[in-house]
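Reader: Here's the one I wanted to go over with you. Have a look, then I'll start with a pair of rings.

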Amino acid sequence: MNKKTGLQFLMIFTIIIISLWFYLKYFTRNLKNIKEATIIEKINENLNNNSTYIDNIDYVSSDAKGNTYQITAKLAEIKIENPDVMFLNDVIAFVFIKDSDTVKITSNFGKYNSKNSDTIFSENVIVIYPGHKITSEYLEFSFLSNLGTFTTNVIYTGEKTNLFADKIEMDLTTKDTKIFMNESQIFDDYYETQKVLIEGTR
């Protein structure tokens, strides 16, 4: 091996050593930083994900009187901080009253408490039972008392009665319905509440 060839070999070897040192020093550090950043990002995503989602839920509750309440939804969201409450999409519910007619409730959204079965139905709420139909944008329903309270754009349709109302209270056991209408008083700055009672078939 002559001097020229030996010098070239030494230069090539030196370049390889420098390149390897540069790669180990900088590229592996960057790779480590990327991995650490990915891990941190995943942890942050998990911390921000405070909800659990369930498809096609179906819950059934019964009371001491033999009445049954069934509620279904295409999607339910459960918050980690309050797992007893579910936020529902595309809701259908049935109230099966012992020795009486079944009541069907549908709405776009709902808020359901699994402890006491209290439910808030919202947006495009429709309640149907034989001879009667009530539509609104908001319904608070308590299964324990079988009482429903309708508000916001309330329309009641009966076999011989059609009317708009500001509020409707309905006992789903007896089907008795109280309809509240606000009538403006001329020259006054307040509203007087008028109430109409419709008795259902027991």
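Reader: Tyr69 and Phe143: buried or exposed?

Author: Both of them are buried, where buried means under 20% relative accessible area, exposed over 50% and partly exposed in between, using a 1.4 Å probe and protein chains only. Keep in mind that this is a predicted model: local features need pLDDT of at least 70, side-chain atom pairs count only at pLDDT 80 or more, and totals for chains, interfaces and linings use all residues. Residues are numbered from 1 along each chain as its sequence is written, and side-chain values use heavy atoms, with hydrogens and water left out.

Reader: Noted. How many aromatic pairs are there?

Author: Four in the structure. Rings of Phe, Tyr and Trp (its six-membered ring) pair if their centres lie within 6.5 Å; planes under 30 degrees apart count as stacked, over 60 as edge-to-face and the rest as tilted. One of the pairs is Tyr69 with Phe143, which is stacked at 5.5 Å centre to centre with 25° between the planes. Tyr69 belongs to strand S2 and Phe143 to the loop between S6 and S7, so the pair ties together parts that are 74 residues apart in sequence.

Reader: Which residues make up the aromatic cluster with those two?

Author: The cluster is Tyr69, Phe141 and Phe143.

Reader: What else is Tyr69 in contact with?

Author: Setting aside neighbours within four places in sequence, its contacts include Tyr59, Val60, Ala93, Phe94, Tyr112, Thr119, Phe121 and Phe141. Contact here means heavy atoms within 4.5 Å.

Reader: And the largest nonpolar core, which residues have the most contacts inside it?

Author: Tyr69 again, along with Leu88 and Phe121, in a core of 32 residues. Strands S2 (68-79), S3 (82-96), S4 (102-113), S5 (119-129), S6 (132-142), S7 (147-158) and S8 (162-171) each give two or more residues to this core. A nonpolar core is a set of buried Ala, Val, Leu, Ile, Met, Phe, Trp, Tyr and Cys residues joined through side-chain atoms within 4.5 Å.

Reader: Let's zoom out. What order do the elements come in?

Author: From the N terminus on, α-β-β-β-β-β-β-β-β-β-β; that's one helix and ten strands. Helices (H or I, at least four residues) and strands (E, at least two) are DSSP runs, numbered from the N terminus.

Reader: How many bridges between S5 and S6?

Author: Nine, in the antiparallel sense; two strands pair if DSSP finds at least two bridges between them. Thr119 stands opposite Phe141 in S6. The two strands form a hairpin with two residues between them, and Gly131 in the turn has a positive phi of about 85°.

Reader: Where does Phe141 sit relative to S7?

Author: Opposite Gly148. S6 and S7 pair antiparallel over nine bridges, and His132 has Gly158 of S7 as its bridge partner. Their hairpin has four residues between the strands, with Asn146 at a positive phi near 50°.

Reader: How many residues between S7 and S8?

Author: Three, in another hairpin. Nine bridges join these antiparallel strands, with Phe150 partnered by Ile168 in S8.

Reader: What sits over the ring of Phe180?

Author: The charged end of Lys167, 5.4 Å from the ring centre. The test is NZ of Lys or CZ of Arg within 6 Å of the ring centre and within 35 degrees of the ring normal.

Reader: Last one: how much of the protein chain is buried?

Author: 29% of its 202 residues. Among contacts with a separation of 6 or more, 32% come from residues 24 or more positions apart.
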